[in-house]
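Open the model in your viewer and keep the selection tool at hand.

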Amino acid sequence: MFLGICCVLIAIVIARPSLTASREGKIFTFLAFFVLPVASSVFAASQHVERSKRTAFCLTCHIMEPYGRSLLVDDRNYLAAQHFQNHRIPVEEACFTCHTDYALYGDVRAKFRGLRHIYIQYLGTPPSPESIKLYSPYNNRECLHCHLGARSFQSNEIHTAILDSLKSNEVSCLTSGCHDVVHNVGTLGKMKFWSPQP
Amino acid sequence: MKLSHMGVQRAMQFSGVLILVGLLTEIVTLVWEKPLAFLVFVGIGGGLVIAGILVYLYSLVAGGSGTSASTHPSRD
């Protein structure tokens, strides 16, 4: 809408360049050629960034398809599926919620990683879905961002006993034998799937 | 380099076309829901808008004395 209005104003100046002769016309042209295009481009860029957080957006890449399917596995041990199916994370932004960094500039870093993914997808050699690895070990900070202080988390004695080790990443939530089944896309062929009701 | 009044208008029209095409490209990328859309948005849409704005600003600077020259034809 905003971009459309901007286009109409620019088209008026292109069609009637004599407008720029008067003082009012110069102000109009400045708004149409500088202020509005910059403002609308910033607005459009923010729309793009917001859209790139959506689960559907992440799953548009073919390579991510098994990861999308893993969210519907009918098995309580599948961590990602349980978070998705029980709405422990916003389902519309499921991938981003767990795979962003909850730190200063974490969103920016996540977006730059996304650009790298696009580069690999179109100009590099994309790996098979099973061989995709995280850039660095999963940080417990991302789990504790939501779970720390939650009743269900604190009522588990193991959590409270090793809380300091969890906070310092000495013990990993995912790879220490506690919650080690996350996406496991290699075994999806043997699994049953849950169908959400429309 | 100084531009005449007509030159300024032509430069502005040209910058307007660049910005217009850039903004239309941005609109298309907002409808196109693919990761590649963001690259097209930045690379083509953003590039054309920035190029158009630079041409517009140049026409303002270069045409500043050109506009006054049109009021003083003897200087041409």
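This is a predicted model: local features need pLDDT of at least 70, side-chain atom pairs count only at pLDDT 80 or more; totals for chains, interfaces and linings use all residues.

**Stop 1: H1(A) against H1(B)**

Select helix H1 of chain A, residues 2–15, together with H1(B). The two axes lie 9 Å apart, and the packing angle is about 160°. Angles over 145 degrees count as roughly antiparallel, so H1(A) and H1(B) are roughly antiparallel to each other. Their crossing is left-handed.

Now show side chains. On H1(A), pick Leu3(A), Cys6(A), Cys7(A), Ile10(A), Ala11(A), Val13(A) and Ile14(A). Facing them on H1(B) are ten to click through: Met12(B), Gln13(B), Gly16(B), Val17(B), Ile19(B), Leu20(B), Leu23(B), Leu24(B), Glu26(B) and Ile27(B). Colour this contact by class and you get 14 nonpolar, two polar and one charged residues.

**Stop 2: H2(A) against H1(B)**

Which residues of H2(A) meet H1(B)? Select Thr29(A), Phe33(A), Pro37(A), Ser40(A), Ser41(A), Ala44(A) and Gln47(A). Their partners in H1(B) are Met12(B), Ser15(B), Gly16(B), Ile19(B), Leu23(B), Glu26(B) and Leu30(B). By class, this contact has seven nonpolar, six polar and one charged residues.

**Stop 3: H1(A) against H2(A)**

Hide chain B and look within chain A. The axes of H1(A) and H2(A) come within 9 Å and cross at roughly 155°. That makes H1(A) roughly antiparallel to H2(A). The crossing is left-handed.

From H1(A), select Phe2(A), Leu3(A), Cys6(A), Leu9(A), Ile10(A) and Val13(A). They meet Thr29(A), Ala32(A), Phe33(A), Leu36(A), Pro37(A), Ser40(A), Phe43(A) and Ala44(A) in H2(A). How many charged residues does this contact hold? There are none; the rest divide into 12 nonpolar and two polar.

**Stop 4: the side of chain B that touches chain A**

Bring chain B back. Across the two chains, 24 residues of chain B are in contact with 23 residues of chain A. On chain B, the elements giving two or more residues to this side are helix H1 (5–31) and helix H2 (35–71). H1(B) supplies the largest share, 13 residues. This side of chain B divides into 16 nonpolar, five polar and three charged residues.

**Stop 5**

Zoom out and show chain A as a cartoon. Chain A has 11 helices and zero strands. Colour it by domain: the assignment gives domain 1 (2–51) and domain 2 (55–190).

Finally, draw a box along the principal axes. The C-alpha atoms of chain A fill roughly 75 × 35 × 35 Å. What is the radius of gyration of chain A? It is 24 Å, whereas a compact globule of 198 residues would have one near 16 Å.

Key. Residues are numbered from 1 along each chain as its sequence is written. Chains are lettered from A and ligands numbered from 1 in the order in which they are written. Two residues are in contact if their C-beta atoms, placed from the backbone, lie within 7 Å. Helices (H or I, at least four residues) and strands (E, at least two) are DSSP runs, numbered from the N terminus. Ala, Val, Leu, Ile, Met, Phe, Trp, Tyr, Cys and Pro count as nonpolar, Asp, Glu, Lys and Arg as charged, and the others, Gly among them, as polar. Axes are lines fitted to C-alpha atoms, for helices over the stretch in contact, and angles run from 0 to 180 degrees between N-to-C directions. Angles under 35 degrees count as roughly parallel, over 145 as roughly antiparallel, 65 to 115 as roughly perpendicular and the rest as oblique. A crossing is left-handed if the near helix is turned anticlockwise from the far one by less than a right angle, and right-handed if clockwise. Domain bounds come from an automatic or database domain assignment. The radius of gyration is taken over C-alpha atoms; the globule rule is 2.2 Å times the number of residues to the power 0.38.
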